[in-house]
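Here is a friendly briefing to read alongside the model. Take a moment with the fold before moving on to the notes.

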Amino acid sequence: MHHRVHTILVIKRRVDMTDQSVTAVKTLDLERYLGLWYEIARLPLKWEDANATNVTAHYSLKDDGKIRVDNRSFDAEGKPDQAIAEATPVDGEPGQLTVNFLPKYIRWIPFTSGDYWVLKIDPDYQVALVGTPDHENLWVLAREPKISESTLTEYLTEAEVQGFDLSKLIRPVHDGRVVTDEMVDDAGGE
């Protein structure tokens, strides 16, 4: 009986958390958002090593108005890793983008893009909270590899207010190493 009650409470808490709607920022200056961001914290991702270090994302504007996403990290064995994607702004929703990590030649396949919503960003575009409306993905990104604990707490509190469960939060190590162009094969890029 105890297990059953506990299970119901856990399920109810999960439902309560995810019932809260996720809200993207109402304004986002994509030009200012472009550039290098360091991953400060994230929820676990199926495609990213939980022990990845020095995780970065570089956003650059393409000629067609879409955004090139270049994610880089070192895996648990210290090997450089790179994932190239293309992000597309959602019309009429400045804080919402869709991202597609499929190779360039098959990105046309429908229903293969994921949501990328900017949920909070400071006025100077130095720290951002990014998530998905299904509460499955969440990132705290910053222009520097480290931020103050009080700033991190402020952004994680916003994530909790929007219904994200932070019990499995990962905080990747940043030790100064950088995945350079020479270290990775950019075959998946443009």
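Helices (H or I, at least four residues) and strands (E, at least two) are DSSP runs, numbered from the N terminus, and two strands pair if DSSP finds at least two bridges between them. With that in hand, strand 3 and strand 4 form a hairpin with five residues between them, and Gly-78 in its turn has a positive phi of about 85°.

This is a predicted model, in which local features need pLDDT of at least 70, side-chain atom pairs count only at pLDDT 80 or more, and totals for chains, interfaces and linings use all residues. Residues are numbered from 1 along each chain as its sequence is written, and side-chain values use heavy atoms, with hydrogens and water left out.

**The barrel**
- Eight strands close into a barrel in the order 1-2-3-4-5-6-7-8, with antiparallel pairing.
- On average, neighbouring strands of this sheet are turned by 35° against each other, direction ignored; axes are lines fitted to C-alpha atoms, for helices over the stretch in contact, and angles run from 0 to 180 degrees between N-to-C directions.

**Strand pairs and turns**
- Strand 3 and strand 4 (residues 80-90) run antiparallel and are joined by eight bridges; Phe-74 has Pro-80 of strand 4 as its bridge partner.
- Strand 4 is also joined to strand 5, by five antiparallel bridges, and Glu-86 stands opposite Asn-100 in strand 5.
- Two residues separate strand 4 from strand 5 in their hairpin, where Gly-92 in the turn has a positive phi of about 80°.
- Strand 7 (residues 127-131) pairs with strand 8 (residues 138-142) in the antiparallel sense over five bridges, and Val-127 stands opposite Ala-142 in strand 8.

**A helix across the strands**
- Helix 3 (residues 149-161) lies across strand 1 (35-42), strand 6 (114-121), strand 7 and strand 8, and runs at about 25° to strand 7; contact means heavy atoms within 4.5 Å.

**The cavity**
- The structure holds one cavity of 30 Å³ or more; on a 1 Å grid over the protein atoms alone, a cavity is a set of points where a 1.4 Å probe fits but cannot get out, and lining residues have an atom within 4 Å of a point.
- The largest cavity has about 50 Å³ of space, a volume being the space filled by probe spheres set on the points, which are joined across faces, edges and corners.
- Its lining includes Leu-30, Tyr-59, Ala-87 and Tyr-116.
- Helix 2 (30-33), strand 3 (67-74) and strand 5 (93-100) are the elements that give two or more residues to this lining.

**Confidence**
- The mean pLDDT (the predictor's confidence in each residue, from 0 to 100) of the protein chain is 85, and 81% of its residues reach 70 or more.
- Over residues 1-18 the pLDDT is below 50, and this stretch has nine contacts in the model beyond near neighbours in sequence.

Terms used: On a 1 Å grid over the protein atoms alone, a cavity is a set of points where a 1.4 Å probe fits but cannot get out, and a pocket is an open set with protein on both sides within 12 Å along at least five of seven lines; lining residues have an atom within 4 Å of a point.
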